[in-house]
Structure formats: C-alpha cells, structure tokens
Amino acid sequence: MSTQNRTSTEDEYDILSQHYGGRSRLRQTLAAQREIFRGERLGQIGLLLLAIFLFVGLFAPLLAPYDAQEKLRTDDGEIKRMEAPSTEHLLGTTRLGRDVLSQVLIGTRIALIVGSLGAFMSVFIGTNMGLISGYFGGWTDDILMRLTDIIYGVPFLPFVIVLVVILGPSLLNVILAIALVQWRSTARVIRSQVLTIKERPYIEAARAAGGSDVRVLYTHILPNVLPLVFLYGAFSVGWAVIAEASVSFLGFGDPLSVSWGKMLFTAYTANAIRTAWWWVIPPGLSINLLVISVFLIGRTYEKVSNPELRERE
Amino acid sequence: MTEPKLRVESLEKYFPINAGLASKLLNWNADQQYVRAVDGVSFEIEPSESFGLAGESGCGKTTAGKTAIRLLEPTGGDIYFDGRQLTDLSGSELKSFRREAQIIYQDPFESLNPRFSVYDWVAEPLDIHDIGTEEERTERVYRTLDNVGLEPPSAYAGEYPGDLSGGERQRVAIARAIVLNPSFLLADEPASMLDVSIRASVLDLFKRLQRELNLAALYISHDLSLLKYMCDRIGIMYLGKLVEVGPTEEIIHNPKHPYTKALVASVPEVDPDNRRDGASIGGEVPDPTFETTGCRFANRCPEVMPRCRDGEPPMFETSDDHYTRCVLYES
C-alpha cells in the first residue's frame with residue numbers, strides 16, 4: 001500500500017515537472033493578456049483593427065488589384081491621371097496614373113514594419129537603459145539619465161533630416177532615427193518603476209540566494225515592469241507610424257517604397273490635396289486608424305499599471 | 001572547541017545622510033553625517049544554536065542581521081563564517097557562501113516575487129547554484145514543499161503568491177530558504193505578520209527544521225516571548241549596540257541591564273491577577289545620528305549615575321556566559 005502510494009506520488013512529480021518547466025509561464029502570460037482585454041470594448045476594437053491591418057499587410061500583394069507603382073493607361077494608351085473612384089479603380093488614381101487603393105494596401109506594410117520595428121527597437125533600448133540605470137544607481141544612473149535628458153532635447157524632424165542626409169534616405173534609416181529618439185520616454189518610466197521594485201524584499205531574497213545582477217535584473221525585475229513595457233511599446237507603435245508619415249510627407253522617406261506618408265507627400269506636391277479627396281483621405285484615414293488601434297490597445301494595458309483607469313469592481 | 005558557525009566582531013554599519021549631489025553642493029563644507037545603525041556589535045552563534053536579537057524598532061537589529069550575512073556591506077568590523085573571513089569575499093566565493101546562509105523575511109506578502117509560481121520560486125536557488133538535473137530538482141522541490149507542510153506539493157507547485165494565504169506564503173519562503181540545505185538561517189521577524197492562529201505552527205516548523213537540518217539560526221524580533229520560545233541565547237540591542245547577552249532563561253528571568261529589565265517587564269502576561277507596573281523607562285529612542293561619549297541609555301535610564309556619562313561601559317560578565325554593558329555590574 002505504502003509503496004504503491006509512493007510510486008503514484010513520484011509519477012505525479014514527473015507529470016508536474018513537465019508542466020511547470022517553463023512553458024507554463026508563456027501560458028500564464030497569454031492567460032493574463034486575455035484577462036486584461038476581457039470586458040474592455042475599446043481595447044477589443046483596437047485589437048480587431050490591428051488584426052485587420054495585419055491581415056492586409058500580410059496579404060497586400062494578393063489583395064491589391066494593380067501594381068502600386070505601375071502607371072496605368074487606358075486602352076488607347078493615355079495615362080489615367082486623377083480619375084475619381086469608379087468600379088475599375090475603387091479609390092481612383094493619382095496624378096501619375098497609379099491606383100490609390102493598391103497604394104494604400106501596399107503602404108500598410110511599410111506602416112506595420114516601421115511601427116513594429118521602430119517600437120521594438122525604441123522599447124528595447126529604453127527598457128534596458130531604464131533597468132540598468134534604476135538598478136545600479138550611482139554614476140551609471142547619472143550618466144544614462146543625463147544622456148536621456150540630452151535626447152529629450154533633440155527635436156525629431158531636424159534630427160531625421162540630418163541623419164538621412166548623412167546615411168541616405170532608406171526605410172531602415174528612418175526606423176533607426178525613430179528608435180534613437182523615441183527610447184527616451186520608455187527609459188524614464190522604466191527607471192522610476194525599477195527604483196520602487198528593487199527595494200522590495202523579494203529582490204533582496206533573489207540576491208540572498210546568490211543570484212547575479214543579470215539574473216536579478218532580467219528574471220526578477222523585468223517581469224514586474226513588463227506591463228509598462230507593453231504599454232510604451234503600444235504607444236511607440238503609434239508614434240513611429242506618425243513619425244514615418246511625417247518624414248515621408250516632408251520628402252525624406254525611402255524614395256522607392258510606397259507609404260501612406262509618401263502618398264500624402266505626392267498628393268501635396270501634385271497640388272491635389274484640395275481637389276483629389278480620394279487620393280488624400282484613404283492614406284490619412286489609414287494612419288489615423290492604425291494609430292488609434294494601437295492607442296486603444298495601449299490604453300487597455302495602461303489599466304494594469306494605472307489603477308485610476310481600472311473599473312471599480 | 002569547535003569553530004562558531006557565525007562570529008561577528010565589532011560590526012559596524014553606517015548609513016550616510018544627505019549623500020546626494022545637490023546636498024553635497026549645498027553643504028559642501030559640512031561634515032558628512034551618518035546614521036549609526038550598527039555600531040560595534042559582536043556575537044557568535046554555534047552550529048545548530050539559535051540566537052535571538054531583540055530590541056525596539058530602529059535599534060539596528062535587522063541591519064545587524066543583514067550585515068552579518070553581507071546582504072548589506074559592513075562599514076567596519078569582521079565577520080567569520082565557519083572560521084572563514086567573510087568581509088572580503090567576492091564573486092564565486094561569496095556565491096558559495098550564499099548557498100550556506102539563507103534569510104526569511106518578515107512580510108510574506110512582499111518577500112515572494114508575484115511573477116514566480118511556487119515551483120519556480122523554490123527551484124530558483126537550485127538553478128542559481130546549478131544543482132542536480134531537471135528531474136532531481138523537481139524531486140527536491142517537491143520534497144521540500146512537503147517538508148514545510150505544503151501538502152500535497154502538486155497542489156501548490158503551480159500556484160502564484162496571490163493565490164496563497166499569509167501562512168502558506170511564509171512556508172513557501174521557508175521552502176526556498178531550506179531547499180539548498182543551508183547551515184545558517186537568518187529569520188527577520190519570521191512570525192510578526194502572521195495571524196496569531198498560525199504563528200505557533202510556523203514557529204514549530206522552524207524548530208523542527210532546525211533540528212532536522214542541524215541549522216544555526218539568528219532570530220530577529222521585538223517580541224521577547226517569541227525569542228524565549230525559539231532561542232538558546234538572546235542578545236538585547238539598543239541604538240546599534242548589544243547591551244546584554246546571555247542564555248535565554250537568564251535574560252528573561254534574571255535581566256541585569258536596566259533596559260533589558262524594562263523590555264522584559266513590558267512583555268504582556270496572561271494572568272489577570274498579576275498587576276503590571278507601567279513601563280519603567282520614559283522617552284523614546286533618540287535620533288540615531290546622535291553621538292555620545294557615555295552610555296547610550298543614560299538619558300532614559302532610571303538608575304543613571306554621573307559616571308554613566310563618562311565613557312561607554314564595556315561588557316561585564318555577571319554570571320556564567322551572561323554579559324551586561326552597565327557600570328552597575330562592574331566588579
């Protein structure tokens with residue numbers, strides 16, 4: 001009886017060891033995300049919008065009716081300039097005879113790439129700066145935070161213009177410029193959060209067990225600031241999309257790719273802003289919707305870190 | 001004679017006040033001020049002995065304990081663990097010492113990382129010190145959970161601290177502390193945040209584990225009745241200094257130092273017929289930045305004499321293994 005009992009406990013140990021060996025944390029994280037969005041109508045709308053943009057971005061070449069860069073001609077060889085929306089061209093054509101709908105669809109890719117990469121890079125830099133600065137304190141903190149102050153003084157557009165002049169206009173350089181400026185706010189906020197978390201007894205407990213600084217920082221402190229990281233990540237996506245659009249609108253974007261900002265720029269230089277509404281509204285609206293979607297998602301995450309936004313239960 | 005497990009000699013821990021850049025610039029010519037949280041404390045703890053540190057809030061007992069196992073860097077003094085100088089260990093040597101000495105905190109709601117499951121939290125020390133294979137670790141974690149009374153372990157392994165009661169959390173903290181098979185345990189007010197109903201069972205758990213694992217322990221508490229229950233010897237601290245050290249029975253039933261007498265008299269008794277006098281000392285613990293040439297307790301002492309202010313009295317042996325820092329016992 002007792003031996004049987006013992007084996008059954010050991011079996012249980014085996015099963016559970018598979019269960020709690022790391023994969024569970026991912027599952028727990030996913031469950032936590034679901035919990036955050038439950039009952040948040042606006043956050044769900046944001047997720048839905050973002051899902052649509054992701055879908056469009058992923059399948060843009062299949063969805064687009066025409067090549068976005070092709071100059072379309074009528075049967076008698078005339079370029080289809082500035083045609084108003086029709087069944088053939090649902091959102092009309094541009095001054096050079098390109099299909100607006102195809103450009104908007106293809107432009108989604110650039111917006112998503114810039115948004116995700118720009119946000120990822122800026123949050124990556126900012127989070128590490130904040131973690132290191134807040135945790136080590138002293139001179140490290142002084143140096144990193146003065147650096148952050150200096151970056152706070154950098155005006156974005158002139159900075160991008162100079163960078164693009166030096167490195168050449170390409171999408172990657174625009175993303176780089178966005179990341180190099182945008183990390184500042186994440187760094188500040190993460191640092192202040194780290195300052196409160198590092199004084200908790202469980203952090204001392206981690207050091208008392210012999211944990212190294214790297215372990216304490218990345219396995220004990222980081223998970224506790226992660227909601228804030230997500231929040232600033234979401235806001236950074238919106239900011240990066242706007243930044244790319246501004247840069248492209250000013251004509252400093254990648255000359256070879258189609259982005260929403262660049263569509264507005266060409267419409268502007270073609271003097272069509274006031275006449276060809278079908279050329280201006282779709283990219284403008286897309287920028288707004290994408291930014292709003294990540295803002296709504298970010299706002300839902302903010303609920304986690306900002307109790308004032310939490311519903312009273 | 002065997003080496004003591006932990007020997008601390010004239011340990012000091014000062015915290016600078018106004019160390020920020022701004023105040024340094026503003027008071028550039030002022031002397032740096034310090035809080036003398038621990039100001040020359042010496043004691044030893046034998047293997048498998050329980051030693052208690054008692055005193056009012058702010059007397060430096062927790063700082064003394066944490067400095068003794070180098071969770072805080074000592075300002076001065078020496079620490080020997082198993083006869084080895086601890087003060088200048090670093091890197092891997094310090095890490096292997098961390099395997100031997102563990103700490104239990106006062107507040108079980110703050111001392112567990114909310115993002116770690118019970119299993120991950122208890123297994124982490126094994127991971128840090130790279131002990132055993134995956135299966136051995138699992139086995140050991142489950143055995144330890146079982147040992148601290150979290151039964152069945154499988155029901156607790158996947159839980160997060162938010163799902164547990166205070167007593168259960170404290171047991172998880174204990175499991176994490178003993179999973180490495182340490183030889184020394186620092187328990188900082190281990191039961192003061194727990195409900196009275198479960199306090200005794202947690203304390204009994206400490207006693208049993210100490211016996212089973214042959215642990216030396218340092219209990220820190222303001223509660224003399226707890227220390228009386230747990231400890232072989234007790235040291236009384238006042239303003240960063242030990243004023244009396246002796247066997248538990250002696251300290252409780254035959255206190256010598258006026259401060260110890262007051263502290264012992266303040267412990268409530270469950271006897272309505274026994275009339276208690278009010279606290280025999282007035283005032284409060286002075287600002288810890290204060291400096292005095294005489295006895296630290298002189299300002300509040302009911303038996304103060306002019307010579308008390310002449311110099312800090314040394315420890316006098318009043319009976320076997322019982323020492324008191326008071327000139328009344330100068331022989």
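Reader: Two strands pair if DSSP finds at least two bridges between them; in S5(B), which residue is the bridge partner of B:Tyr80?

Author: The partner of B:Tyr80 in S5(B) is B:Gln85. Strands (E, at least two residues) and helices (H or I, at least four) are DSSP runs, numbered from the N terminus. This is a predicted model, in which local features need pLDDT of at least 70 and side-chain atom pairs count only at pLDDT 80 or more, while totals for chains, interfaces and linings use all residues. Residues are numbered from 1 along each chain as its sequence is written, and chains are lettered from A and ligands numbered from 1 in the order in which they are written.

Reader: How many bridges are there between strand S4 and S5(B)?

Author: Strand S4 (residues 76-81) of chain B pairs with S5(B) over two bridges, in the antiparallel sense. Both belong to an open, antiparallel sheet of four strands, ordered S2-S1-S4-S5 (chain B).

Reader: Why is one side of S2 and of S5 left without a neighbour in that sheet?

Author: Strand S2 (34-45) and strand S5 (84-85) of chain B are at the edges and each has a single partner strand, so one side of each has no neighbour in the sheet.

Reader: What about the sheet with eight strands?

Author: That open sheet of chain B has the order S6-S7-S8-S3-S9-S10-S12-S11, with mixed pairing. Its edge strands are S6 (101-104) and S11 (316-319) of chain B, each pairing on one side only. Within the sheet, S7 (residues 184-188) and S8 (residues 216-221) of chain B run parallel and are joined by five bridges. B:Asp188 stands opposite B:Ile220 in S8(B).

Reader: Turning to chain A, at what angle do H4 and H7 cross?

Author: The axes of H4 (residues 100-136) and H7 (residues 171-197) of chain A cross at roughly 35 degrees and come within 5 Å. Axes are lines fitted to C-alpha atoms, for helices over the stretch in contact, and angles run from 0 to 180 degrees between N-to-C directions.

Reader: Which residue classes make up the contact of H4(A) with H7(A)?

Author: There are 20 nonpolar, nine polar and two charged residues. Ala, Val, Leu, Ile, Met, Phe, Trp, Tyr, Cys and Pro count as nonpolar, Asp, Glu, Lys and Arg as charged, and the others, Gly among them, as polar.

Reader: How many residues does each chain give to the contact between chain A and chain B?

Author: Chain A gives 22 residues and chain B gives 27, where contact requires C-beta atoms, placed from the backbone, to lie within 7 Å. On the side of chain A that touches chain B, H8(A) gives the most, with six residues.

How values were computed: Pairing = 2+ DSSP bridges. Contact = placed C-beta atoms within 7 Å.
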